[in-house]
Amino acid sequence: MRTLTTERLTLRPWHLDDADFVFDMYARDEVQRYLGRNPTVLQHREQAVATIERWTALAHPIRHIWAIERTADGHLLGTLLLKPIPASQGLELNDTEIGWHLHPDAWGHGYATEAARAALEFGLAAGLTKVVAVTYPENTASQAVATRIGMRCLGLSSAYYDLDCMLFEAP
Ligand SMILES: CC(C)(COP(=O)(O)OP(=O)(O)OC[C@H]1O[C@@H](n2cnc3c(N)ncnc32)[C@H](O)[C@@H]1OP(=O)(O)O)[C@@H](O)C(=O)NCCC(=O)NCCS
């Protein structure tokens, strides 16, 4: 897996000893409420361990799920994803989703945008052809990140997750 660095951040593989952070972040409704088809907060630390195991098993040369770490002090901030996106029923698509989940303590510093920009640049340079982001229509904070990194808003779409989402596409 490629580690990426930016001015303030390191995007690195997840380790099992990050489970306390993963549990703390994904046990929060304000983080989970707009994630996936059926948002559900984690209830037990073992679920965080299983999540990390699932993420690290996704061995792919380009699509990765990174831990975002602040380089200066090694503090974990959240997750940056480049992963296959589930197409809605009846559609055959092989697109890549870019996504960002930050711990609420790390919101409001531009970290999501900085990490996302680096991951998108990496993915496109490595040969990904179609990178999309989808957000719940009311998730304006996430839509702002997509716009800041230069993604184009294509409006509401039901192409992914069997949901009506705001769809963004990388240029
Ligand atoms: C979506 C999410 C990652 C956005 O986080 P964020 O911190 O608002 O996004 P950014 O990293 O782009 O930070 C932008 C903010 O940092 C501020 N900022 C402060 N210092 C900054 C700096 N040095 N550089 C850039 N921005 C800076 C900006 O002004 C902006 O603040 P504003 O929103 O008050 O205008 C966060 O809300 C989140 O994790 N939500 C839960 C998970 C989720 O919904 N993910 C998306 C699923 S589609």
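Q: Before we start, what counts as a helix here?
A: A helix is a DSSP run of H or I with at least four residues, and helices are numbered from the N terminus. Keep in mind that this is a predicted model.

Q: OK, where is Arg-148 then?
A: Arg-148 is in helix α5, which covers residues 140-148.

Q: Which residues is Arg-148 in contact with, leaving aside its neighbours within four places in sequence?
A: Thr-113 and Arg-117.

Q: How many residues apart in sequence are Arg-148 and Thr-113?
A: They are 35 residues apart in sequence, while their C-alpha atoms are 6.8 Å apart in space.

Q: Now the ligand. Which residues come nearest to it?
A: There are 22 residues around the ligand, and the nearest are Trp-100, Gly-108, Ala-112, Thr-113 and Arg-148. So Arg-148 and Thr-113, which are in contact with each other, are both in that nearest group.

Q: What about His-109?
A: A polar backbone atom of His-109 is 3.2 Å from an oxygen atom of the ligand. For Gly-110, a polar backbone atom is 3.1 Å from a ligand oxygen. Tyr-111 has a backbone N or O atom 3.1 Å from an oxygen of the ligand.

Q: How much of the ligand does the protein bury?
A: The protein buries 66% of the 960 Å² that the ligand exposes when taken alone.

Q: Changing topic: at what angle do α1 and α3 pack?
A: Helix α1 (residues 19-26) and helix α3 (residues 45-57) pack at about 110°, and their axes are 8 Å apart. That angle makes α1 roughly perpendicular to α3, because angles of 65 to 115 degrees count as roughly perpendicular.

Q: Which residues meet there?
A: From α1, Ala-19, Asp-20, Val-22, Phe-23 and Tyr-26. From α3, Arg-45, Ala-48, Val-49, Ile-52 and Trp-55.

Q: And by class?
A: Eight are nonpolar, two are charged and none is polar.

Technical notes:
Residues numbered from 1 in each chain as written. Predicted model: local features only at pLDDT ≥ 70, side-chain atom pairs only at ≥ 80, totals over all residues. Heavy atoms only, no water. Axes fitted to C-alpha atoms, helices over the stretch in contact; angles between N-to-C directions. Helix = DSSP H or I, 4+ residues; strand = E, 2+ residues; numbered from the N terminus. Parallel < 35°, antiparallel > 145°, perpendicular 65-115°, else oblique. Contact = heavy atoms within 4.5 Å. Nonpolar A, V, L, I, M, F, W, Y, C, P; charged D, E, K, R; others polar. Near = heavy atom within 4 Å. Polar contact = N/O pair within 3.5 Å; in protein donor to acceptor, adjacent residues only side chain to side chain. Areas by Shrake-Rupley, 256 points an atom, 1.4 Å probe, with all protein chains shown as cover.
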